[in-house]
Amino acid sequence: MTTQTEKPRDEEDFLHHEAARRGMRRTGSRTMEWNPEHQDYPRNWPIQRKTYDMTVMFFLEFYTTIISTTGPSAATKAMKEYGLSRIIALTGFQFMYGVGQALGGLIMPPFSESLGRKKSYLVSAGAYSISCLLVGVVPSPAGVFIGRFISGYASSVPAIVLAGSIEDMYSTSPRLWLLWLWNCSTILGLCVGPIYGSYIVSAIGWRWVYYTAASICAGLFILLLFVSESRPTTLLSRRFEHLKSKVGSRLDGMQISNPDRIDNKHELVQVILVRPARLGVSEPIVITVSILSASAWGMMYLFTESFTVVYGQFGWSSRATSLPFLALIPGIVASGLVRIWDHHTVHRRLQNKDTSPEPEDKIRGFALGAPALAIGLWIFGWTVPPLVHGVPWIASMFPLAVIGFAATEFSYTLSGYIADAYTIYASTGLAVVSFLRGIASACMPLFAYPMYAGLGSNIATSIIAAVATVFAVTPFLFLRFGKRLRLKSPFARYSAEVNERHGGGGG
């Protein structure tokens, strides 16, 4: 005969067995979480699964970045077709894209968390494909202005979600290298884009830049149908709902932990607008990092127009003036040497029990990149016409490699510093960075051509180099005062306390 005390025990064992089979475990009397040892937990997936997913996701980010820098090439031809001035054409093709990207980077993070990783990628690829088709098919500037804005907005999604996908599937050591590869692929996309755009425009017309982009993104949409959802909270929620359908009322009162859940419109407004605004105007670290990151990012877009002037003075064709972007690539690859240094630094701190990894460790790479940017710009500015004569064009390629190294370091180290300094508020801090980056990419090409054509390549580059020289001091200020600023910040201090309570570590 079964006693009353045995019956609940049997029911408890049944619930435990069903939950464990689905990769869940109890963390309290009424809460459940993932069992990180379960084979279905994303970090335990087979290498083939991870490789396929990462390849498709990386290519989506890489390709949308390529298309982001095709605007000036297309604008040069489209302005004649539509009877527009150069500035108006650039506004449609580049400014609208950058504004869309800026707004997407600010608005999309909480929505991408609720959608999950896979749906976010699918929405991005689908919207990007349709918007590119809109740019090519609509026979008026309205198609350009609307289509490029939507493209920019859609492109912000992989930029937001990809870091989370890497976090989902990989532990600390491989994650460091995958984040570096992600940053490299993004900077590489900025370099390939102008070449891709100028050669297609000159060969078959500017509309085909966007016809091909629509086709490729449609293909990526199909490939993304076969990736797996990797966001642990999304997977946990699905499994919990499936368990409820299996056991019914026996799970009443039980819940799962979802720290990213937004319960009402007030919270949504706080996450999208209020909190980024507070960090963007009250946090010296966020303000400085955002300005530095946006300046380096915008400089790559400035080159899409300035190279036309600089290398046109060497007698190059408009198509060939995009080729110097290839000189940036060796510098991008060379940044991998700094990642070896980063890995060694983190490993040494973990071995030394008296110290632990700190966010300021990330700034050491920036301490190399900031002076490198200034040096590269000064040398580049005085190895090109019109004030310098008799210097072959090849001389200007070497400082461009140095600039490529610096741009990669700016992108990787500054984003990593914000993520490590603000942990639970990292997405908010990075939303501010993303917003300013988008605005910089929108504005820089608008004044690059008039600036370089009016002042000359030497003076124009010297002005940018002078600003970069001022920036070269900032990493040393961060190394000296960064920790003190962090400890005074209520956001960063609270983040550190939460991270410490949950056993988190930097690096």
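## A walk along the rings

Start by selecting F59 and Y63: they sit four residues apart in helix α2 (residues 47-68), so about one helical turn separates them. Helices here are DSSP runs of H or I with at least four residues, strands are E runs of at least two, and both are numbered from the N terminus. Before you go on, bear in mind that this is a predicted model, where local features need pLDDT of at least 70, side-chain atom pairs count only at pLDDT 80 or more, and totals for chains, interfaces and linings use all residues. Residues are numbered from 1 along each chain as its sequence is written, and side-chain values use heavy atoms, with hydrogens and water left out.

Colour the two residues by accessibility. F59 counts as partly exposed because its relative accessibility is 35%, while Y63, at 3%, counts as buried (buried is under 20% relative accessible area, exposed over 50%, partly exposed in between, with a 1.4 Å probe and protein chains only).

Next, select Y97 and Y128. Their rings form an edge-to-face aromatic pair, 6.5 Å centre to centre with 80 degrees between the planes. For the cut-offs, rings of Phe, Tyr and Trp (its six-membered ring) pair if their centres lie within 6.5 Å; planes under 30 degrees apart are stacked, over 60 edge-to-face, and the rest tilted. Y97 belongs to helix α4 (residues 86-115) and Y128 to helix α5 (residues 117-137), so this pair ties together parts 31 residues apart in sequence. Both Y97 and Y128 are buried.

Now show every aromatic side chain. The whole structure holds 24 aromatic pairs. Go back to F59 and Y63 for one of them: the ring centres are 6.0 Å apart and the planes at 20 degrees, so that pair is stacked. Then select F303, F307, Y311, F314, W316, F325, F380 and W393, which ring pairs link into a cluster.

Finally, zoom out to the cartoon. Of the 507 residues, 52% are buried.
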